[in-house]
Amino acid sequence: MSDQESFLSRLRKGEPDACELLIEQFEDPLFRFFVCDHRDYHLAQEQTAETFAQLICALPKMKGHDDQLRAFVFSIARHVRFRYWRQPSISRCNVELVKSVSDPQPSPEHQLADREQLERILEVISQFDSPLRDILILRFVEELSVNEVASAMALPVGTVKSHIHRGIAKLKMILSDSECKT
Amino acid sequence: MSKDEFTKTSDDQIEISESLSVLRQIRSPPEARASYRASIDSELFKVRATQLSMMPWWRRSVAVPIPLIVATCILLLVSTWVALGSRPSDTNAARADKQPLAFNGPGDTIASPKMNPLDTFPTGTSELAASVSTTYLCGVGPLSTEMQYVYKESDL
């Protein structure tokens with residue numbers, strides 16, 4: 001039994017060290033996934049916690065092996081996000097306030113430049129619709145394989161490939177436009 | 001897809017990947033980890049409670065203190081030992097009690113249960129004889145019935 005496989009079986013049993021490893025492995029990717037969706041850091045934190053809780057429930061029912069864990073985690077994240085969309089009133093806090101509190105960096109100038117670039121990319125990525133945006137993030141930010149993306153999105157591989165193709169063309173166009181403006 | 005087109009797509013993918021790599025700077029705040037851990041713990045607690053409530057009664061277990069178990073075992077052993085020690089060796093008497101006496105009619109002799117004479121009656125045998133006599137009147141039927149039991153004991 002490989003390390004990853006034993007990790008999965010320990011996770012299914014709910015062993016604390018395996019849960020800790022799960023948090024270490026997925027807290028940043030999940031947080032990013034949610035932030036790219038709505039740019040609300042506080043809500044992203046809530047949704048990440050909710051995703052971990054849902055994972056504990058869903059992991060014993062997970063079909064497949066260790067190589068499908070990443071796809072499975074993101075498919076649960078998508079379900080969590082859908083559930084939040086359905087909720088009528090979500091108290092969204094001020095994004096600027098949260099950003100000023102969290103993520104302290106050493107150099108203020110460097111931090112400002114990075115943040116501006118980050119804001120610009122977040123602005124660009126927010127112009128995409130949900131499936132296309134998710135596919136691009138999973139493929140190019142989280143570096144999932146096309147098969148994993150297809151599994152996480154519950155879409156055929158061919159559809160994912162065509163989405164990626166269209167997404168790249170659109171993203172290039174938007175990026176070149178925004179560069180021209182600046 | 002031609003080779004040129006494939007290479008172009010691959011270059012595009014690298015370019016896009018580099019552009020989007022800025023998003024990897026987004027990291028979960030360290031203080032959030034406690035909330036993730038609490039969320040997992042509460043869910044684990046719920047899952048375990050549900051599993052326990054769904055378990056059939058014959059698979060459930062209860063915690064019993066070891067001193068209680070030891071005391072019960074000692075009590076059981078002592079009571080068994082006392083019960084075995086106080087009981088007389090009357091197995092033959094018990095066997096005799098179990099065998100019913102058969103009586104097939106007038107003049108029949110009821111033999112006492114077969115026993116080892118050396119155990120209880122070392123000097124002889126015993127017999128129980130029963131006789132029934134009835135007086136009939138023609139046309140009327142039985143007038144009186146008399147039953148007689150005789151217990152005989154003979155020496156060997």
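Select Asp37(A) and Arg81(A): their side chains meet in a salt bridge, with 3.7 Å from N to O. A salt bridge here is a side-chain nitrogen of Lys or Arg within 4 Å of a carboxyl oxygen of Asp or Glu. Asp37(A) lies in helix α2 of chain A and Arg81(A) in helix α4 (residues 69-86) of chain A, so the pair ties together parts that are 44 residues apart in sequence. Helices are DSSP runs of H or I with at least four residues, strands are runs of E with at least two, and both are numbered from the N terminus. Are these two residues buried or exposed? Both Asp37(A) and Arg81(A) are buried. Buried means under 20% relative accessible area, exposed means over 50%, and partly exposed is in between (1.4 Å probe, protein chains only).

This is a predicted model, in which local features need pLDDT of at least 70, side-chain atom pairs count only at pLDDT 80 or more, and totals for chains, interfaces and linings use all residues. Residues are numbered from 1 along each chain as its sequence is written, chains are lettered from A and ligands numbered from 1 in the order in which they are written, and side-chain values use heavy atoms, with hydrogens and water left out.

Stay in chain A and select Arg83(A) and Glu50(A). The closest N and O atoms of this salt bridge are 3.4 Å apart. Arg83(A) is in helix α4 of chain A and Glu50(A) in helix α3 of chain A, so this pair links distant parts of the chain, 33 residues apart. Arg83(A) is partly exposed at 38% relative accessibility, and Glu50(A) is partly exposed at 24%.

Now colour chain A by secondary structure. How many helices and strands does chain A have? There are 9 helices and 0 strands. Of the 182 residues of chain A, 47% count as buried.

Together the two chains bury about 3,300 Å², 66% of it on carbon and sulfur atoms. Buried area is the accessible area (1.4 Å probe) that two parts lose on being put together, summed over both.

Where do the chains pair by charge? Side chains of opposite charge can pair when their charged atoms come close. Between chain A and chain B there are 5 salt bridges. For one of them, select Arg33(B) and Glu20(A), which meet at 3.8 Å, N to O.

Last, keep Glu20(A) selected: Glu20(A) is partly exposed, with a relative accessible area of 22%.
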